[in-house]
Amino acid sequence: MTSSRPPAGTDPLAITDERGEFSLQSQGKFDAMSLKVEARGLATGNFADVRPGAIRREFVLTTGASLTGRVLFQNQPLKDITIGVVGSDRSMGNFTGDFVIRTMENGRFLLANLPPNRNYDLYGEMASVQPFGSLPVRSIRLQGDGSETDAGDLVVQPGFRLSGQVKLADGAPTPEHTRVLLGRPAAWDTLTVELPADGYFEFTNVPAETVTLD
């Protein structure tokens, strides 16, 4: 049986010593695990089918690839916009995770030490871009270690308005603190609104792409 969670009693984290060595202990039995290894200045490594036992195994990290670009609004650079990338392959053992950074004064951004040789989805976080418009997801391919890919200009576009009403079957007012969550399946990004008693909600500057409501 495959599970997204380790067995109960498994160490959730291990820190390497001065030789780069580490040990993970588990009270429960398992056939194999997927490990995520992180180190400053290096690309995150995902290692599948790591089996238990006394055999010493090496996990090699590399410098990774870099992704640059610039955010523009009405032909002017936008600073402090949160830009994210997330691995397109979300399958267990292959998912690289998501990475975010803010644009600089000149609208540029640099995401360094990304796992190389794979596809990513590049996007602007809705909460950050919303006052100006939207930045839909763009698919991009990163090359090998040491490479730098320029995504070019990401131009903020007008977004869409998405509204609706949540109704209870018995016609009662919406309970306090009920929330609606808008998600972007291709990005690693959500927005949440708390509903009033009448259940009406509205999202503005929603990107022109598939979204979900929960």
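Q: Which residues does Ile83 touch, not counting residues up to four places away in sequence?
A: In this predicted model, a contact requires heavy atoms within 4.5 Å. Leaving aside residues up to four places away in sequence, the partners of Ile83 are Val71, Phe99, Val100, Ile101, Thr103, Phe109, Leu111, Leu122, Tyr123, Gly124, Leu135 and Leu154.

Q: Which residues of the largest nonpolar core touch the most other members?
A: Nonpolar side chains tend to be buried together in soluble globular proteins. Here the largest nonpolar core has 20 residues. Those that touch the most other members of this core are Leu67, Val71 and Ile83.

Q: Which strands each supply at least two residues of this core?
A: The core in question is the largest nonpolar one, with 20 residues. Its strands with at least two residues each are E3, E5 (82-87), E7 (108-114), E8 (118-124), E9 (138-142) and E10 (148-155).

Q: Is Thr68 buried or exposed?
A: Thr68 belongs to strand E3, which spans residues 65-73. Its contacts, not counting residues up to four places away in sequence, include Arg108, Phe109, Glu148 and Gly152. A residue is buried when its relative accessible area is under 20%. Because the relative accessibility of Thr68 is 6%, Thr68 counts as buried.

Q: What is the bridge partner of Leu182 in E13?
A: Strands E12 (residues 179-183) and E13 (residues 190-194) run antiparallel and are joined by five bridges. They form a hairpin, with six residues between them. In E13, the residue paired with Leu182 is Leu191.

Q: Which residue in E15 stands opposite Leu182?
A: E12 also pairs with strand E15 (residues 212-213), in the antiparallel sense and over two bridges. Within this pairing, Gly183 faces Thr212. The residue opposite Leu182 is Leu213.

Q: Which strands stand at the edges of the open sheet of three strands?
A: The strands of this open sheet follow the order E13-E12-E15, with antiparallel pairing. Each edge strand has a single partner strand, so one of its sides is left without a neighbour in the sheet. The edge strands are E13 and E15.

Q: Is His177 buried or exposed?
A: His177 is located in the loop between strand E11 (160-165) and E12. Its phi is positive, about 65°, although His177 is not a glycine. A residue counts as exposed when its relative accessible area is over 50%. Since His177 has 51% relative accessibility, His177 counts as exposed.

Q: What does Asn205 count as at 21% relative accessibility?
A: Asn205 is part of strand E14 (residues 200-206). Although Asn205 is a residue other than glycine, its phi has a positive value near 50°. The buried class needs a value under 20% and the exposed class one over 50%. Because its relative accessibility is 21%, Asn205 counts as partly exposed.

Technical notes. Residues numbered from 1 in each chain as written. Predicted model: local features only at pLDDT ≥ 70, side-chain atom pairs only at ≥ 80, totals over all residues. Heavy atoms only, no water. Helix = DSSP H or I, 4+ residues; strand = E, 2+ residues; numbered from the N terminus. Buried < 20%, exposed > 50% of the residue type's maximum accessible area, 1.4 Å probe, protein only. Pairing = 2+ DSSP bridges. Core = buried A, V, L, I, M, F, W, Y, C linked by side-chain atoms within 4.5 Å.
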